Amino acid sequence: MKKIFLLLLMILTVSGCGGTAQDKKSAEPAEVKAEDKAPVATQSADKKILILYYSRTGEEYGLGNITKGNTEIVAEYLAKKTGADMFEIKPAKPYPDAYEPCTEIAKLELESNARPAFASNIDNLAQYDTVFIGYPIWWGALPRVVLTFLEANDFTGKTIVPFCTHGGSGLSGTERELADACPNAKVLSGLAIVGKSAQNDFPTVEKDIDAWLTQLGY
Ligand SMILES: Cc1cc2nc3c(=O)[nH]c(=O)nc-3n(C[C@H](O)[C@H](O)[C@H](O)COP(=O)(O)O)c2cc1C
């Protein structure tokens, strides 16, 4: 009787201790999270990266007419460096190409805390662990259409890495806006790139982005 009891105890101990290789593997992400480390460097089946961005073309301050948005230039480079997928947020009603009318609409939207509609949603957000979110600074804030998009989706458990382009005001506290819009995500420190430099001095911008990615562990 005593032998049978000991045998049962051994079986229970071996199967219940979590000592298998599989268990150790599944514990690894939790360890990384606890140490507040950045995610893995490249796109892989179990840790996918998305570059989600909004960017406008047309007349831009100090640049004239641009055919590729400043933020889009940075977004494309990030995708190339990380192997990430990209998704562009497009407003249902495009903003005017002319700079002044665009700033007026953006100002009204900010003052009324509007949520302008976006054209189409992403259908596979759940597969991404890390989402780089890129946007221009508008009136010291996120363009409201970015907020509409974020609030319409679930970023629970994801790591958000902000990046913006701007005309001089830097990130302007937009990391806080992202954290408020995605309360169950972890928002890392962002990167701010001068919009004009993205268009006219990309070698310098590239160095800044590379240094930031290295700092993040990419
Ligand atoms: C409506 C609007 C508002 C802007 N407000 C700001 C601002 O508050 N601070 C700033 O530094 N730049 C501001 N800018 C400049 C843009 O942030 C900058 O040119 C940015 O790189 C544009 O990115 P995009 O080409 O990806 O849209 C504004 C531009 C627009 C069109």
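## Close-up views of a predicted model

View 1. Asn113 sits in the loop that joins α4 to β5 (128-136). Helices (H or I, at least four residues) and strands (E, at least two) are DSSP runs, numbered from the N terminus. This is a predicted model, in which local features need pLDDT of at least 70, side-chain atom pairs count only at pLDDT 80 or more, and totals for chains, interfaces and linings use all residues. Residue numbers start from 1 along each chain as its sequence is written. Although Asn113 is not a glycine, its phi is positive, at about 45°. Asn113 counts as exposed because it has 9 C-beta neighbours inside 10 Å. (With C-beta atoms placed from the backbone, a residue is buried if 20 or more others lie within 10 Å of its own, exposed if 12 or fewer, and partly exposed in between.)

**View 2. Ser172, in the loop between β6 and α6 (174-181).** Here is another residue other than glycine with a positive phi, this time near 55°. Ser172 has 17 C-beta neighbours inside 10 Å, so it counts as partly exposed.

**View 3. Lys158, in the loop between α5 (144-151) and β6.** Lys158 is buried because 20 other C-beta atoms lie within 10 Å. Look for Tyr128: it is 30 residues away along the chain, yet the two C-alpha atoms are separated by 7.5 Å. Beyond neighbours within four places in sequence, Lys158 is in contact with Tyr128, Asp129, Thr130, Val131 and Ala185 (contact means that the C-beta atoms, placed from the backbone, lie within 7 Å).

**View 4. Helix α3 (residues 70-82) packing with helix α8 (residues 202-216).** The angle is about 50° and the axes are 11 Å apart. That angle makes α3 oblique to α8 (under 35 degrees is roughly parallel, over 145 roughly antiparallel, 65 to 115 roughly perpendicular, and the rest oblique). Axes are lines fitted to C-alpha atoms, for helices over the stretch in contact, and angles run from 0 to 180 degrees between N-to-C directions. From α3, Val74, Tyr77, Leu78 and Lys81 make the contact, meeting Glu206, Ile209 and Leu213 of α8.

View 5. Of the 22 residues around the ligand, Thr71, Pro136, Thr165, Gly167 and Gly195 come nearest (a residue is near if its C-beta atom, placed from the backbone, lies within 6 Å). At least two residues of this shell come from each of α3, α4 (99-111) and β6 (159-166).

Conventions
Contact = placed C-beta atoms within 7 Å.
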